[in-house]
Amino acid sequence: MDKTDNIYNILKELVKYRCVSGRENGISRAIQKMTAPYADSVSSDALGNLIVFKKGAAENAKRLMLCAHMDEIGFMTTSVSEDGYIKFAPIGGINYTAAAFCEVVFENGTRGVMAPEVDRKAKKGEKSELGFDNCYVDIGAKNRREAEKKVSVGDCFAVKPSLCRLSSGRVSGRPVDDRIGCAVLIKALEQAERFENDTYFVFSVQEELGLRGSKTAAYGIMPDYGVAVDVCASFDTPGKKDGPSRLGGGACIKIKDASVMCDGDFVRLLQRTADENGIPWQPEILTRGGTDAASMQTAGAGCRAGGISVPTRYTHTPSETFDIKDAEAACRLVSALVGTRL
Ligand SMILES: [Zn+2]
């Protein structure tokens, strides 16, 4: 990584890696390379979490864990049919309407397309739902023998990565969840001027399967404060009116989601830090979803947990859309936080 690289360029590099939950080795190696020049130490644990450490200047420095997950949702091959089609199991929460007819890429680079078994246009009164049991992947093979030269049972794959700039500084593609959080942490590590707290930048694994990596990482680190840096819902599209966060409104400071009630004092500290540094922010209140904040809060003896998020439309689809200014605000807030004595 170059000092001149902005968050967009870092993200563009990070989305190239196909790393479904439990298969994060490739991106972990890339982030290790990008962060090592700015870190006091870099290590990884048994689950595969990458832990980048910066020693704090304060006496009796508190331990601060910042966490963004490296994994993405995807699929695992379960069988290959006689005529060469691939059946699969889901890894994480899949939106099949979004995945249908998308190009998918396997770990070894093999390409295919996801297709529903039948035309799922529902007859009147009939429920039509797509799922892993009625979708398959067509890699173009003529039969099982051909297919098995390319794909084995147990191989993982994901919808093709992409990234494009829309108008007004907005960006769309996948996997934005949570490579944008990783990009925010990498940039914050590089640009922060001082570190008051013993700061652990954790790039976690298996978040999409139930916040697994951050749980063991937090148990190992035993932080006093934990902050998940992730995407959150945006409530500014037609028909969506039930939340405060929107694109362009600044970094989201999490108050609650379905998995966590953030520490009230820590939420106020984050809000104050944003105000004092002129960083635009907005409250985040979600009725659904969860992030690594929940597992950090309850791992071991627990910690004071919070979240800094980038509001994102259409999460878990090939068109996850966010505003680059919100990501920059999130990055400035993380940089300000590491320089604030906790
Ligand atoms: Zn996420």
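## Strand pairing around S5

In strand S8, Val137 is the bridge partner of Ile86, and this contact belongs to the antiparallel pairing of S5 with S8 (residues 135-138), which extends over two bridges. Strands here are DSSP runs of E with at least two residues, numbered from the N terminus, and two of them are taken to pair if DSSP finds at least two bridges between them. The model is a predicted one, in which local features need pLDDT of at least 70 and side-chain atom pairs count only at pLDDT 80 or more, while totals for chains, interfaces and linings use all residues. Residues are numbered from 1 along each chain as its sequence is written, and side-chain values use heavy atoms, with hydrogens and water left out.

## The S4–S5 hairpin

Strand S5 (residues 85-91) also runs antiparallel to strand S4 (residues 74-80), to which six bridges join it; within this pair, Thr77 stands opposite Phe88 of S5. Four residues lie between the strands of the hairpin, where Gly84 adopts a positive phi near 90 degrees.

## Cysteines

With a disulfide defined as a pair of cysteine sulfur atoms within 2.5 Å, the count comes to zero disulfides. Cys67 has its closest cysteine sulfur in Cys182, 8.9 Å away, which is too far for a bond. Cys252 is likewise in no disulfide, the nearest cysteine sulfur being that of Cys232 at 3.6 Å.

As to accessibility, buried means under 20% relative accessible area, exposed over 50%, and partly exposed in between, using a 1.4 Å probe and protein chains only. Cys67 counts as buried because its relative accessibility is 1%, and Cys252 counts as buried at 0%.
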